[in-house]
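Colleague: Could you walk me through this model, one topic at a time? I would like to begin with how the chains meet.

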Amino acid sequence: MNAINIDNLNKTYDGQTNALNNISLKIPKGEIFGFLGPNGSGKTTTVRILNGILTATSGYAEILGRPLGDNNIEIHRSCGVMTESSSCYENLTAKQNLVFFGKMHGIDERQLDERSDSILKRLGLLSVKDKKVKSFSSGMKKRVSLGLALVHNPQILFLDEPTSGLDPENALNVTKLIKELAQENRVTIFLCTHQLKYAEEICSLYSFIKDGYILGVGTFYQLASRKNATLRLKIRAKNVSEEFGFENESNGIYSKDIQGDEEANMLIQRILKNGGQIYEAVQQKWTLEQLYFKYIKDIKDMSSSTSL
Amino acid sequence: MKGNERALISKDMNEITSSKRIIMPMTILPVILTVFLPLLILAGAKFMERDPSIMERMEPLLTKLPSEYSEFTPPQLLIRVALDLMYPSFFLVIPIMCSGVIGASSFVGEKERKTLESLLYTPISMVQLLRAKILGIFVPTFIITLASFVVFCIIFNIGGLIYFGNFILPSLQWLIIIFWITPAISLFSLTFTVMISARSKTFQEALQVSGLLVIPVMLVLVTQMIGVLLISNSVMFIVGLVLYIISLILINRIAAKFVPEKLI
């Protein structure tokens with residue numbers, strides 16, 4: 001069973017512009033799913049719909065086999081959410097915040113005391129647990145918010161930019177915690193971010209979203225294969241003829257998409273035969289960032305050719 | 001009531017007591033109305049004791065009051081006028097202000113501080129959320145009003161012992177005010193605040209609009225003071241009943257529109 005199934009989901013706020021356009025996603029249990037797109041692309045709207053805070057204009061979605069709209073309370077029991085538009089109570093202490101949200105989820109008070117301390121410890125906040133959140137730095141507040149999403153042992157965790165505003169050490173700790181949750185407890189992570197390098201480091205499945213449209217879904221390999229972009233040959237060279245189709249990046253650095261070793265060898269030989277000089281050559285895998293921009297560029301090209 | 005509703009009410013109470021912007025107005029106004037002003041009235045009574053000519057100057061008011069008032073000595077008259085005509089309206093400012101401040105903080109404050117969305121992700125139904133929020137406003141408002149009334153009774157009973165030779169509070173009129181009118185006006189005021197909270201973006205904005213409710217109460221005060229209107233116990237009972245009915249109608253309307261999408 002998939003943790004999340006979304007089928008042709010649409011959302012419009014004003015009846016004219018669509019915030020989401022026929023979104024369909026299937027996310028298996030235990031995956032760390034990266035929902036990647038710029039600000040205003042529809043990531044938070046999707047999270048809000050999947051948690052019953054917003055109602056979809058049309059389409060179908062289910063969480064752990066439960067259709068949205070029927071019993072959202074059960075969905076809230078199994079999901080933990082941390083978005084940039086939801087915060088913790090600043091007039092309460094870190095521990096009071098966790099205990100309050102634990103009680104809201106119906107957790108027994110004795111169990112809650114132990115559990116909130118253990119979460120605060122993992123988030124590096126145990127020593128300040130009795131201080132009011134308003135005295136915390138923004139990074140610490142973010143970690144408290146993450147703690148709130150974790151307090152009831154959710155099966156699905158929705159995280160919106162979980163490491164933005166965190167210092168490198170704490171960002172690393174949070175990333176480690178997310179990975180551990182996915183591995184040890186088979187928690188499905190729905191991670192919204194525009195930090196593509198971070199997503200590449202942590203996610204096992206990706207989806208690109210822009211202006212409410214899904215541009216691509218799959219593993220890195222699947223996304224890359226669809227664009228014939230599994231490998232890229234990068235050379236530092238001189239006198240490289242345009243006929244070989246290399247892209248001149250800067251100061252004698254050229255790059256080109258290739259299929260594998262044979263094509264790399266053939267290209268290098270042909271450049272040399274043609275009077276070119278090669279000082280350095282390396283086969284590079286595409287980064288998620290390059291892949292994302294490839295998808296964006298293709299969509300732009302497609303829309304401009306349609307408008308012509 | 002379920003555990004999560006109790007947790008929400010207790011959290012709201014905790015927030016009220018730890019927030020200066022809520023606790024300050026809720027302390028200052030009751031202290032002025034139930035301590036300083038009554039002490040001033042008692043001081044005024046002492047002063048009137050020495051100046052019997054004051055009764056002549058109050059003749060126009062006395063003609064509009066029931067005959068029993070003409071039998072009072074000047075200090076007794078001042079205390080009775082304050083208790084029977086001035087304070088019933090004055091006192092209602094306390095529950096209106098409390099439910100306005102707590103209500104604005106409880107709804108708009110949560111929206112402003114982005115904590116309402118966090119609450120909406122917890123397994124609480126919208127009916128439970130509304131009920132807990134209403135109780136979280138109503139209960140502290142009533143406790144503050146009741147505590148203010150106890151202090152008010154002590155101070156006026158000192159005056160009662162001095163000038164009447166017995167305790168003058170609580171009277172039937174004041175019992176109706178505290179246990180019938182005050183809950184009714186608190187409920188109405190908080191319902192009004194919840195309604196405007198949906199449209200307000202900031203705590204201050206919601207507070208200013210909810211403060212408009214003081215105007216009709218002040219009008220009743222003025223009309224009482226100039227003797228145009230004398231509110232009897234039965235009128236107070238009917239006014240309370242009307243306020244309860246209007247509040248229940250409004251709560252039902254709010255509940256129908258109380259959906260997450262309209263709250264965030």
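Modeller: One term is needed at the start: two residues are in contact if their C-beta atoms, placed from the backbone, lie within 7 Å. Please also keep in mind that this is a predicted model.

Colleague: Let us turn to chain A as a whole. What is it built from?

Modeller: Chain A has 10 helices and 14 strands. Its C-alpha trace spans about 75 × 45 × 35 Å along the principal axes. Of its 308 residues, 43% count as buried. Among the contacts in chain A with a separation of 6 or more, 68% come from residues 24 or more positions apart.

Colleague: Which domains does the assignment give for chain A?

Modeller: The assignment gives domain 1 (2-224) and domain 2 (229-307). The C-alpha centres of these two domains of chain A lie 37 Å apart. Their contact takes 12 residues from domain 1 of chain A and 11 residues from domain 2 of chain A.

Colleague: And which elements supply the domain 1 side of that contact?

Modeller: On the side of domain 1 of chain A that touches domain 2 of chain A, at least two residues each come from α7 (196-202), β9, β10 and α8 (220-226) of chain A. The most come from α7(A), with four residues. This side of domain 1 divides into eight nonpolar, one polar and three charged residues.

Colleague: You mentioned β9 and β10. How do they run?

Modeller: Strand β9 (residues 205-210) and strand β10 (residues 213-218) of chain A run antiparallel and are joined by five bridges. A:Lys210 stands opposite A:Tyr213 in β10(A). The two strands form a hairpin with two residues between them, and A:Asp211 in the turn has a positive phi of about 50°.

Colleague: Which sheet do β4 and β5 belong to?

Modeller: They belong to an open sheet of four strands in chain A, with the order β2-β1-β4-β5 and antiparallel pairing. Its edge strands are β2 (18-28) and β5 (66-67) of chain A, each of which pairs on one side only. Within the sheet, β1 (residues 2-12) and β4 (residues 58-63) of chain A pair over five bridges. A:Asn5 stands opposite A:Glu62 in β4(A).

Colleague: New topic: the nonpolar cores. How many residues has the largest one?

Modeller: The largest nonpolar core has 89 residues, and those with the most contacts inside it include A:Ile4, A:Phe33 and A:Leu157. This core draws at least three residues from each of domain 1 (2-224) and domain 2 (229-307) of chain A. Leaving aside neighbours within four places in sequence, A:Leu157 is in contact with residues including A:Gly80, A:Ala149 and A:Leu181. Apart from this core lies another, of 53 residues, among them B:Phe152 and B:Ile177.

Colleague: Finally, chain B. Where is the kink in helix α5?

Modeller: In helix α5 (residues 74-112) of chain B, a kink of about 60° lies at B:Tyr87, shortly before the proline B:Pro88. The helix α5(B) is mostly covered, with 32 of its 39 residues buried. B:Lys114, which follows α5(B), has a positive phi.

Colleague: Which residues of chain B does the cis peptide bond join?

Modeller: The cis peptide bond joins B:Leu169 and B:Pro170, with omega about 0°. B:Pro170 lies in the loop between α7 (126-163) and α8 (172-197) of chain B.

Note on methods. Residues numbered from 1 in each chain as written. Chains lettered and ligands numbered in written order. Predicted model: local features only at pLDDT ≥ 70, side-chain atom pairs only at ≥ 80, totals over all residues. Pairing = 2+ DSSP bridges. Domains from an automatic or database assignment. Nonpolar A, V, L, I, M, F, W, Y, C, P; charged D, E, K, R; others polar. Buried ≥ 20, exposed ≤ 12 C-beta atoms within 10 Å, placed from the backbone. Core = buried A, V, L, I, M, F, W, Y, C linked by C-beta atoms within 7 Å. Bend = angle between axes of the 7 residues up to and from the residue.
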